[in-house]
Amino acid sequence: MKRFIITANWKLNGNNFLINNFIQNIKNYLSKNIITNTIIFAPPIPYINNIKDQIKNKHFFLGAQNVDTNLFGAFTGEISINMLQDINVQYVIIGHSERRLFHNESNEYIAKKFQIIKSKNMIPILCIGENIQEKSSKKSEIVCQKQLDVILKLSDENIFKNSIIAYEPVWAIGTGKTADIQYICKMHQFIKKYITENSNVHTNEIIIQYGGSVNLSNIQNFLNIDEINGVLLGNSSLNYNQFIKIIEIVNQTYNK
Ligand code: PEP
């Protein structure tokens, strides 16, 4: 079993007060407990430096929620991969359904981001997943396949090495409706098989997190399952009590 990876995506939430509270509580927890799993924390960018300066733990990493495809220049409002590297960000979430939907990001555009992140030896967290109409019309696999195809076409047989895929059915994000475990396993198996058949990457090297309404009361369902290598948390990462308890449950399960 690979180590379990917890990614926290704060989206457009938070302020100094909440971040400081969060830092204090996480610091406190990490100073008293040994964790062996990986935590990737992706707050809004303005708070990254504060967190980086205060939380120092070899299992705790910083993530960004987006990156531009340009490296520098006249691109008002954007953040480049060089800037993220400069502030110690190691992981970058791309292809989140909210960016696909609200910012019209296409599969091709997301593939460019993937390539730029890899070119800096940083780790993309590529979100893929079907919406409810696609699920109802039994197109979940074909949707994920198309989202993967653009990356597989980047002509690097090893492109999915040192990368994370977050399988996030859009209908499960922020809705309180998690996909059932059998369905998740089937989708994760499909994704792994599709990548291994179309690249040089071995199944064991493919890391897939599940995301979509994971919280304290259901986290246990996602643990100790070979196909699920981690979870991506939205809402439940915003509350430090809940977030720390989730880390604790994961830790207890994998440290047995
Ligand atoms: C997400 O934003 O990717 C997500 C999984 O959110 P939530 O946990 O709130 O469903």
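The conversation below takes up annotated positions, a helix, the cysteines and the nonpolar cores.

Trainee: What kind of model is this?
Mentor: This is a predicted model.

Trainee: Which residues does UniProt list for "binding site"?
Mentor: The unreviewed UniProt entry lists Asn9, Trp10, Lys11, Gly174 and Ser213 under that heading.

Trainee: Where is lysine 11 placed?
Mentor: Lysine 11 sits in the loop between β1 (5–9) and α1 (16–32). Its relative accessible area is 22%, which means that lysine 11 is partly exposed.

Trainee: What is lysine 11 in contact with, leaving aside its neighbours within four places in sequence?
Mentor: With those neighbours left aside, lysine 11 is in contact with Ala42, Pro44, Gln65, His96, Glu98, Ile173 and Gly234.

Trainee: And glycine 174, is that buried or exposed?
Mentor: Glycine 174 is exposed, because its relative accessible area is 56%. Glycine 174 is found in the loop between β6 and α8. Leaving aside neighbours within four places in sequence, its contacts are Ser213 and Asn235; Ser213 is itself one of the positions in the UniProt list.

Trainee: Changing topic, how many residues does helix α7 have?
Mentor: Helix α7, residues 140–152, has 13 residues. From first C-alpha to last it reaches 18 Å, close to the 18 Å expected at 1.5 Å a residue.

Trainee: Which residues of α7 are buried?
Mentor: The buried residues of α7 are Ser140, Val143, Cys144, Gln147, Leu148, Val150, Ile151 and Leu152.

Trainee: What covers the buried residues of α7?
Mentor: The covering elements include α4 (97–102), α5 (107–119), β5 (123–128), α6 (132–136), β6 (164–167) and α8 (181–197).

Trainee: Cys144 was in that buried list. How many disulfides does a search of the whole structure find?
Mentor: The search finds zero disulfides. Cysteine 144 is in no disulfide, and the nearest cysteine sulfur, that of cysteine 127, is 11 Å away.

Trainee: Is cysteine 127 buried or exposed?
Mentor: Cysteine 127 is buried, because its relative accessible area is 2%. Cysteine 144 also counts as buried, because its relative accessibility is 0%.

Trainee: How many residues has the largest nonpolar core?
Mentor: The largest nonpolar core has 75 residues, and those with the most contacts inside it are Val92, Leu148 and Phe160. Helix α8 gives the largest share of this core, eight residues.

Trainee: What is valine 92 in contact with?
Mentor: Leaving aside neighbours within four places in sequence, the contacts of valine 92 include Ala64, Val67, Ile81, Leu84, Ile117 and Met122.

Trainee: Which residues belong to the second, separate core?
Mentor: That core has 12 residues, including Ile40, Ala42, Ile164 and Ile207. Ala42 is also one of the contacts of lysine 11.

Technical notes: Residues are numbered from 1 along each chain as its sequence is written. This is a predicted model: local features need pLDDT of at least 70, side-chain atom pairs count only at pLDDT 80 or more; totals for chains, interfaces and linings use all residues. Side-chain values use heavy atoms; hydrogens and water are left out. Helices (H or I, at least four residues) and strands (E, at least two) are DSSP runs, numbered from the N terminus. The expected span of a helix is 1.5 Å times one less than its number of residues. Buried means under 20% relative accessible area, exposed over 50%, partly exposed in between (1.4 Å probe, protein chains only). Contact means heavy atoms within 4.5 Å. A disulfide is a pair of cysteine sulfur atoms within 2.5 Å. UniProt positions are given in the numbering used here, feature names are shortened, and annotations may be inferred rather than shown by experiment. A nonpolar core is a set of buried Ala, Val, Leu, Ile, Met, Phe, Trp, Tyr and Cys residues joined through side-chain atoms within 4.5 Å.
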